[in-house]
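Please examine the structure shown here before reading on.

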Amino acid sequence: MKESTITYNNKKIRIITAPAAVVGSGAAGFCAALRLHEYGVKDALLVTDGMKRGTSRNTGSDKQTYYKMNISGNAADCPAEMAKDFFSGGCVDGDNAYAEAANSLKCFLKLCELGVPFPTNRLGEYIGYQTDHDTRARATSAGPLTSKFMTEALEAAVLKENIDILDGSLVVSIIKAGEKVCGLLALDTRSLDKEFILIKTNNVVWATGGPAGMYADSVYPVSQCGMSGAAFEAGAEGKNLTEWQYGLASVNPRWNVSGTYMQVIPRFVSVDSEGKEYEFLAEHFGSDIKRALSLVFRKGYQWPFDCKKALTGSSLIDLLVYREKVLRGRKVYLDFRKNPFGIESFSASILDDEGRDYLVSAKADFGTPIERLRHMNDPAYQLYLEKGVDLEKEMLEISLSAQHNNGGIDVDLWWQTSVPGLFAAGEVAGTHGIVRPGGSALNAGQVGGTRAAQYIARRGDFTEPGDEEFLSAAEKHIEKFSELCEAITSKGESNIRSLRAEITDRMSMSGAAIRNAEKIKVTLSSAKETLVKFGEIASAEKNELADALRLRDTLACQVVYLSSMLDYIEKGGKSRGSSLYTSENGTAPEGLGDVFAFELDEDLIGDRVQTVKLDPDTLEVICGERNVRPLPEGGGFFENEWKRYREDGNVY
Ligand SMILES: Cc1cc2nc3c(=O)[nH]c(=O)nc-3n(C[C@H](O)[C@H](O)[C@H](O)COP(=O)(O)OP(=O)(O)OC[C@H]3O[C@@H](n4cnc5c(N)ncnc54)[C@H](O)[C@@H]3O)c2cc1C
């Protein structure tokens with residue numbers, strides 16, 4: 001690591017020079033850093049605000065899925081078929097889809113070699129199962145903590161190679177010389193005085209994860225906030241920002257309540273501010289117990305909220321939870337201690353054939369939800385117990401929560417953004433569309449990190465700008481953030497927590513699974529105002545500066561994301577994927593009244609993507625539209641492709 005210091009306004013600032021820098025220590029960031037090293041960029045630097053922070057390291061689900069090409073038995077699979085499945089998610093660029101398919105095995109087998117315990121059969125085959133939007137049983141899993149195992153294995157490899165790591169450094173701004181990246185500005189969160197550090201580099205892989213910090217109702221781990229705002233402020237274009245995944249999750253700990261948690265048919269309860277309890281499914285479905293409970297059962301494997309299932313299908317349950325919490329201001333819980341609808345003696349015959357057969361086969365046609373849960377899947381009970389919640393004794397608070405951003409920063413075939421020298425990999429990059437196969441996010445992060453590293457190693461700009469040239473580009477960033485930090489820390493009592501709660505609550509109420517143009521306008525305008533006056537409004541102790549700057553980034557993200565949602569509505573966009581746009585002309589889901597009326601985007605405008613660019617000075621967001629890049633043919637004549645490959649750089 002090459003280091004120097006400069007003095008700026010009587011303060012010493014460290015400058016670290018590196019041929020390339022990766023920002024983020026999630027599965028995608030570690031992968032990119034390791035690949036850079038393997039491909040010959042030996043002095044690349046990994047910058048992170050905390051080695052163990054982020055989604056990959058701290059999240060999971062009952063069977064956390066990794067999506068890869070099927071290489072078991074007599075499965076007929078190939079890049080072209082896999083790419084077709086990615087592409088069919090709608091609004092997906094064909095070259096990204098193809099590259100994610102073509103590089104799937106390389107990335108998956110690398111993880112296996114590094115020690116991620118993906119299971120094999122006795123013959124050594126990596127057997128697969130079918131996940132959602134999957135045609136060829138491509139899914140695999142190392143258990144509930146697949147992504148954690150991935151980060152651990154990748155981190156060990158990064159440490160083994162002695163790759164330089166700058167830990168405890170929150171990157172707050174991307175510095176450009178003209179149109180190109182030339183460095184980063186980071187807050188040294190571990191220094192007593194919270195000093196800034198400059199990183200001089202022309203090649204940056206932005207692997208900061210999804211912009212999780214935008215939502216109050218969220219199943220992202222608390223340590224994941226994201227920093228997409230800084231990339232937008234640097235001029236990177238966004239794509240498909242409207243496309244998310246939302247679903248039912250517990251609030252504390254944050255965990256998806258999918259699979260067995262639903263299949264054991266818990267009781268859904270809401271509690272108002274006076275402590276009065278409501279069994280709201282019973283209120284809604286009345287005597288139609290079979291339908292209500294069969295929909296709950298189905299939520300087990302239909303986890304994400306899906307507009308197509310919102311009129312009469314299992315997503316009605318998500319809407320009912322949302323209504324209790326957001327519209328009626330109550331807390332919502334799952335109660336595993338008692339059967340729903342006052343059932344005293346449970347029999348699976350109360351469910352439709354599917355649910356009944358399942359529970360009978362699992363020999364769980366008896367007792368209370370907790371008894372069925374412990375019988376069918378005791379680890380699912382233990383999981384909460386280890387996190388301090390005993391489902392035998394207490395109810396579990398839940399909400400309809402943000403889980404994954406399918407869109408993000410727009411990238412090309414090599415995961416380079418619209419800003420030369422700035423690459424995006426992992427969830428921050430928007431390579432998915434309206435829907436995606438389960439597990440494809442983890443595949444995309446590995447492929448993105450690999451592709452970006454390959455390109456940088458071959459085509460990166462490794463000329464080192466002189467100190468003077470670099471400082472003149474960096475100066476305005478140092479000045480802006482120094483002044484902001486000064487203003488934030490000069491007031492006394494901190495309000496960062498309450499400000500975050502207020503800002504993220506507004507987003508969850510207007511720009512989450514249920515979106516309404518009027519509410520979005522109000523939230524957008526207050527996000528803009530708070531961002532503009534952030535230095536005046538925000539107040540923090542020095543040791544909270546990092547949180548304050550994360551909050552500032554969250555606001556910038558909200559401005560961009562809410563603008564994209566508003567533009568989508570104004571251009572006639574309708575409900576699709578996990579996002580329901582309310583519409584006066586729409587149909588109301590069964591028994592829910594006009595407040596949830598919506599129109600389904602029947603023909604999915606899957607061949608067009610929305611693009612988004614922020615003007616950081618005016619906070620105006622320019623939204624455009626373009627055709628998706630088509631699916632490439634792939635394959636080729638060996639001698640010709642070999643020649644192209646040999647003649648250095650021709651595949652890049
Ligand atoms: C509950 C849940 C279940 C999921 N299940 C699945 C599944 O089954 N299959 C699947 O494919 N996907 C799943 N996902 C999604 C998947 O886990 C994530 O998309 C993926 O882990 C993101 O990896 P990443 O490396 O891009 O980002 P992250 O793992 O979030 O890492 C981001 C990193 O960037 C760092 N960082 C952020 N900002 C800065 C900054 N300014 N400066 C320095 N460092 C910074 C963070 O500290 C962190 O280290 C799930 C997600 C959730 C929440």
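A backbone N or O atom of Gly-439 lies 3.1 Å from an oxygen atom of the ligand. Taken alone, the ligand exposes 1000 Å², of which the protein buries 97%; accessible areas come from the Shrake-Rupley method with a 1.4 Å probe, and for residues only the protein chains shown count as cover.

This is a predicted model, in which local features need pLDDT of at least 70 and side-chain atom pairs count only at pLDDT 80 or more, while totals for chains, interfaces and linings use all residues. Residues are numbered from 1 along each chain as its sequence is written, and side-chain values use heavy atoms, with hydrogens and water left out.

| Residue | Protein atom | Distance |
|---|---|---|
| Ser-25 | polar backbone atom | 3.0 Å |
| Ser-56 | side-chain N or O atom | 2.4 Å |
| Gly-439 | backbone N or O atom | 3.1 Å |

Around the ligand there are 36 residues, each with a heavy atom within 4 Å of it. Asp-49, Thr-55, Ser-56, Met-227 and Glu-427 come nearest.

The protein chain contains 20 helices and 24 strands, which are DSSP runs (helices: H or I, at least four residues; strands: E, at least two) numbered from the N terminus. Elements that each supply at least two residues of the ligand shell include α1 (27–38), α2 (55–58) and α14 (440–459). Along its principal axes, the C-alpha trace of the chain spans about 75 × 65 × 45 Å. Of the 652 residues, 59% count as buried, meaning under 20% relative accessible area (1.4 Å probe, protein chains only).

Note on methods:
A polar contact is a pair of N or O atoms within 3.5 Å; within protein, one must be able to donate a hydrogen and the other to accept it, and residues adjacent in sequence count only if both atoms are side-chain atoms. Buried means under 20% relative accessible area, exposed over 50%, partly exposed in between (1.4 Å probe, protein chains only).
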